[in-house]
Amino acid sequence: MTRGFTLPEALLAVAIGSVILLAGSRLLPGIQLATLRETQAQNLEAELWRLVFTVGKTLQRAGYCRSECTLEGLRLLDDGRCVIISRELAPGTGTEQVGFRLKNGALETFSGSVNCDGVGWERMTDPGSLEVAQFQVRREDRGIFAPRLTITLRALALNAPGRVQEQVHSVSGFNL
């Protein structure tokens, strides 16, 4: 003869199950919040890497000329917080200037005749989600080797107060 649970055994099983479910329901919001914060941190890190790689790739092209060149390939202004890169497009077609600067908590870029104090710059970052606290490019001359250009970018995620990330990326200025 098969016998099931007795009433006290069934009540005990329901009570233990209820305690486990209650503990799990209190734990779940904390896990979700931690996951959200980690996702925000990873998104901020990915955004900053995208920005420093973009600036770095442009810096590597600074001073490029197909023929004899007299242009100043790289100008670091305002202690490296504004950068103007010049390069030749094609023989006889002229040069291109690209600039990067930090202004009002946003990283901005400009293509054309660049002036660090001018208007018409385009934001590379969304000021509603990210506040750039530091942007700086430093040049390190290394004798017979190409100069090392180091980009530092520090930003605060506005959707996660207190979350600050910094990325440092170095490239060689082969054409400088």
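Reader: Let's start with Arg87: what is its relative accessibility?

Author: Keep in mind that this is a predicted model. Arg87 counts as partly exposed. To be called buried, a residue has to be under 20%, and the value for Arg87 is 23%.

Reader: How many salt bridges does a search of the whole structure find?

Author: One of them joins Glu108 and Arg101, with the closest N and O atoms 2.7 Å apart. Arg101 counts as buried at 7% relative accessibility, and Glu108 is buried at 7% too. Salt bridges with shared partners also link Asp78, Asp79 and Arg81 into one network. For the whole structure, the search gives 8.

Reader: Where along helix H1 do Glu47 and Arg50 sit, and how many residues apart are they?

Author: Their side chains meet in a salt bridge, at 2.8 Å from N to O. Glu47 is partly exposed at 25%, and Arg50 is partly exposed at 40%. An α-helix has 3.6 residues a turn, so residues three or four places apart point the same way. Along helix H1, Glu47 and Arg50 are about one helical turn apart, a spacing in residues of 3.

Reader: At which residue does H1 bend?

Author: Helix H1 covers residues 7–60 and reaches 77 Å from first C-alpha to last, close to the 80 Å expected. The bend is about 25°, and Pro29 follows within four residues. The residue at the bend is Leu27.

Reader: Which residues form a nonpolar patch on the surface?

Author: Ile16 is one of them, and its place is in helix H1. Ile16 is partly exposed, with a relative accessible area of 45%. The patch has about 310 Å² of accessible area together, and its members are Leu12, Ile16 and Ile20.

Reader: Which residue does the disulfide join to Cys82?

Author: The search of the whole structure finds 1 disulfide, and its S to S distance is 1.8 Å. Cys82 is buried at 3% relative accessible area. Its partner is buried as well, at 14%, and that partner is Cys116.

Reader: How many residues apart in sequence are the parts that this pair ties together?

Author: The link is left-handed, with -90° about the S-S bond. Cys82 lies in strand S2, while Cys116 lies in the loop between strand S4 and strand S5. So the pair ties together parts whose separation in residues is 34.

Methods:
Residues numbered from 1 in each chain as written. Predicted model: local features only at pLDDT ≥ 70, side-chain atom pairs only at ≥ 80, totals over all residues. Heavy atoms only, no water. Helix = DSSP H or I, 4+ residues; strand = E, 2+ residues; numbered from the N terminus. Expected span 1.5 Å × (residues − 1). Bend = angle between axes of the 7 residues up to and from the residue. Patch = residues over 30% accessible without salt bridge, like charges linked within 9 Å, V, L, I, M, F, W, Y side chains within 5 Å. Areas by Shrake-Rupley, 256 points an atom, 1.4 Å probe, with all protein chains shown as cover. Salt bridge = Lys/Arg side-chain N within 4 Å of Asp/Glu carboxyl O. Buried < 20%, exposed > 50% of the residue type's maximum accessible area, 1.4 Å probe, protein only. Disulfide = S-S within 2.5 Å.
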